[in-house]
Amino acid sequence: APSFLHLATIQLPVNRITELQADIHRLSGLKRLDLSANLLTTVPGELADTPRLKELYLVTNPLKDRRFVKLINGSHTKIGTLLEYIRKTFPKSKTSGPSPLNGKGMKKK
């Protein structure tokens with residue numbers, strides 16, 4: 001099976017993705033994550049533990065946390081601010097699921 005651990009960019013805008021798996025943080029090389037215009041209502045707390053993440057795009061998702069939406073939509077919001085808010089606000093899962101990129105990791109509707 002291919003290893004995605006060193007994958008640097010994920011660009012999946014407008015794909016009807018409804019869930020991001022907690023194992024996303026295992027992608028230790030991930031620097032840019034673009035899940036704009038999908039169907040995400042929340043994100044896993046583990047997203048804040050993605051070690052090299054520098055760019056995060058989640059605009060135009062039906063996210064339930066209004067303050068998080070304001071942070072995401074803010075043109076001057078730094079990645080550190082976003083990750084710290086995720087770390088403090090969103091719960092971490094109790095179990096590790098499948099790899100975030102094996103077809104089951106990001107669910108489509």
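**Notebook: rings, a helix and a serine**

I searched the whole structure, which is a predicted model, and found 3 aromatic pairs. I looked at Phe-68 and Tyr-85 to begin with. Their ring centres sit 5.9 Å apart with the planes at 10°, so I wrote this pair down as stacked; the cut-off for that is planes under 30 degrees apart. The pair links distant parts of the chain, since Phe-68 belongs to helix α1 and Tyr-85 to helix α2, 17 residues apart.

Are these two buried or exposed? I got a relative accessible area of 0% for Phe-68, so it is buried. Tyr-85 comes out at 11% relative accessibility, so I count Tyr-85 as buried too, because the limit is under 20%.

Next I checked Phe-68 against Phe-90. These ring centres are 5.0 Å apart and the planes meet at 65°, so this pair is edge-to-face. Again distant parts of the chain are linked: Phe-90 lies in the loop between α2 and β5 (106–108), 22 residues from Phe-68.

**Helix α1**

Which residues of α1 (residues 66–73) are buried? I listed Phe-68, Val-69, Leu-71 and Ile-72. They span an arc of only 160° around the axis, which means they are on the same side of α1. On the other side I found Arg-66, Arg-67 and Lys-70, which are exposed. I also asked what covers the buried residues, and α2 (79–89) is included in that cover. At the start of α1, I saw a side-chain oxygen of Asp-65 reaching to within 3.1 Å of the backbone nitrogen of Arg-67.

**Ser-36**

Where does Ser-36 sit? I found it in the loop between β3 (32–34) and β4 (55–57). Its relative accessibility is 12%, so Ser-36 is buried. Leaving out residues up to four places away in sequence, I counted these as touching Ser-36: Leu-12, Pro-13, Val-14, Tyr-57, Leu-58, Val-59 and Asn-61.

**Whole chain**

I then zoomed out. The chain has 2 helices and 5 strands, and from the N terminus on they run β-β-β-β-α-α-β. Of its 109 residues, 37% count as buried. I looked at contacts with a separation of 6 or more as well: residues 24 or more positions apart account for 46% of them. Last entry: the chain exposes about 6,500 Å², and carbon and sulfur atoms supply 54% of that.

Conventions
Residues numbered from 1 in each chain as written. Predicted model: local features only at pLDDT ≥ 70, side-chain atom pairs only at ≥ 80, totals over all residues. Heavy atoms only, no water. Helix = DSSP H or I, 4+ residues; strand = E, 2+ residues; numbered from the N terminus. Buried < 20%, exposed > 50% of the residue type's maximum accessible area, 1.4 Å probe, protein only. Contact = heavy atoms within 4.5 Å. Areas by Shrake-Rupley, 256 points an atom, 1.4 Å probe, with all protein chains shown as cover. Arc of directions from axis to C-beta. Polar contact = N/O pair within 3.5 Å; in protein donor to acceptor, adjacent residues only side chain to side chain. Phe/Tyr/Trp six-rings, centres within 6.5 Å; stacked < 30°, edge-to-face > 60°.
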